[in-house]
Amino acid sequence: MTGHDGWLPESAELVRPYVITRGRGLPDDEQLSLITLVTASADHAQRPTRLSPEEQNMLELCSAGYLSVAEIAGHARLPLGVVRILLASLKEGGYLVTRPPVARARLADKEILEEVLNGLRAKFG
Amino acid sequence: MVSAPNLDEHDYVRGGETQTAVKILVVGHFAVGKTTLIGSISEIEPLSTEETMTQAAEEVDDLKGVQGKTTTTVAMDFGRLTISDRVVLYLFGTPGQQRFVQMWEDMARGALGALILVDPERLADSFPVIDLIEHYGLDYAIAVNHFDGAPLRDEAALREALDLLDDTPVVTCDARDEKSSAAALTTLVRHLLDHTR
């Protein structure tokens, strides 16, 4: 696996998940779905740092652009549940900006499906 | 001290500030080629929740007919495809096993639909997957992964075996081939579109 220099996933496995999350429970599923897009807020660098190493990693991971919650979990190699809790707390602290996925009511929307269809055709012929 | 992995710009969602995400599930039984299909069309190296097949798991899973496969997805893996500057599509794959129901709920919530990958030699193995997809009320298309040398059943027999509705699309595809995988996906999306009319 490339692109993970200096990242030591083993360290996360040495502590039980509730220690990493400081005992916080799972946030609302809808709030941070698998495909909610997440990025660091513009002023996050000015905020006082009282973040855990895991929270700092999370923040660093999404400081250069948008990633989905699932991608963050994949890159961080932490369980989804743990990642959700960390992201929820960072969001609460104003460190993160999130973009929710297309609302469920709009999923059957013709326009979205047509856009996906045209996109696939344009890409793959 | 742990540090975050170094990602390059291609790892991030292109035009993320204007994008909304949608997802499609790529499902099928153990070792049917889901990861291969996702990998053949994803613009990022497919990511996973890191569970690969272990020795312990091999005793649980049914390995008949899949000799030579050393690792597989036991949880969820996914890829990404930027559709336009407004829509980014995620493809999520997971096996159709009851013990992953929690993950299934997560994946199915808000999905556009599902592409069900089927091995014509192991049709019965697809029943639980189809049941799960129907349980979550997702619309789907069947993609028959054409493995080397495996004879292809005729479509009518396959439809009967899988008890498909008349308008459920059935396509054959080679999951290793980008164009073939994309064509299967296109068939699904066209079907989903038909159902919104």
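Student: How many of the five residues of β5(B) are buried?

Tutor: Five of five, so to speak: β5(B) is mostly covered. Buried means 20 or more other C-beta atoms lie within 10 Å of a residue's own; exposed means 12 or fewer, and partly exposed is in between, with C-beta atoms placed from the backbone. Strands (E, at least two residues) and helices (H or I, at least four) are DSSP runs, numbered from the N terminus.

Student: What sort of model is this, and how are things numbered?

Tutor: This is a predicted model: local features need pLDDT of at least 70, side-chain atom pairs count only at pLDDT 80 or more, and totals for chains, interfaces and linings use all residues. Residues are numbered from 1 along each chain as its sequence is written, while chains are lettered from A and ligands numbered from 1 in the order in which they are written.

Student: Back to β5(B). Which residues point which way?

Tutor: B:A114, B:I116 and B:V118 point one way. B:L115 and B:L117 point the other way. All are buried.

Student: Which strands pair with β5(B), parallel or antiparallel?

Tutor: β1(B) pairs with β5(B) in the parallel sense, over four bridges. β6(B) also pairs with β5(B) in the parallel sense, over five bridges. Two strands count as paired if DSSP finds at least two bridges between them.

Student: What are the bridge partners around B:L117?

Tutor: B:G28 has B:L117 as its bridge partner in β5(B). In β6(B), the partner of B:L117 is B:A143.

Student: What holds paired strands together in general?

Tutor: Strands of a sheet pair through backbone hydrogen bonds, either parallel or antiparallel.

Student: Which helix goes with β5(B) and β6(B) in a β-α-β unit?

Tutor: Helix α4(B), residues 127-135. The unit is right-handed. That is, with the strands pointing away from you, the path from the first strand over the helix to the second runs clockwise.

Student: Zoom out. How many helices and strands are in chain B?

Tutor: Six helices and seven strands. Along the sequence the pattern is β-α-β-α-β-β-α-β-α-β-α-β-α. Chain B has 197 residues, and 45% are buried.

Student: Now α6(B). What is its span?

Tutor: Helix α6(B) covers residues 178-194, so 17 residues, and reaches 24 Å from its first C-alpha to its last. That is close to the 24 Å expected at 1.5 Å a residue. The expected span is 1.5 Å times one less than the number of residues.

Student: Which of its residues are buried, and what covers them?

Tutor: Among the buried ones in α6(B) are B:S180, B:A184, B:L188 and B:L192. The cover includes α6 (110-124) of chain A. From chain B, it includes β1, α1, β5, β6 and β7.

Student: Why is β3(B) called largely enclosed?

Tutor: Five of its six residues are buried, so the rest of the structure largely encloses β3(B), residues 77-82.

Student: Which strands pair with β3(B)?

Tutor: β2(B), residues 47-48, joins β3(B) by two bridges and runs antiparallel. B:S48 has B:D77 as its bridge partner. β4(B), residues 87-95, is also antiparallel to β3(B), over six bridges. B:L81 stands opposite B:L89 there. β3(B) and β4(B) form a hairpin with four residues between them.

Student: And chain A: what is the strand order in its open sheet?

Tutor: β2-β1-β3, three strands with antiparallel pairing. β2(A) and β3(A) stand at the edges, each with a single partner strand, so one side of each lacks a neighbour in the sheet.

Conventions: Contact = placed C-beta atoms within 7 Å.
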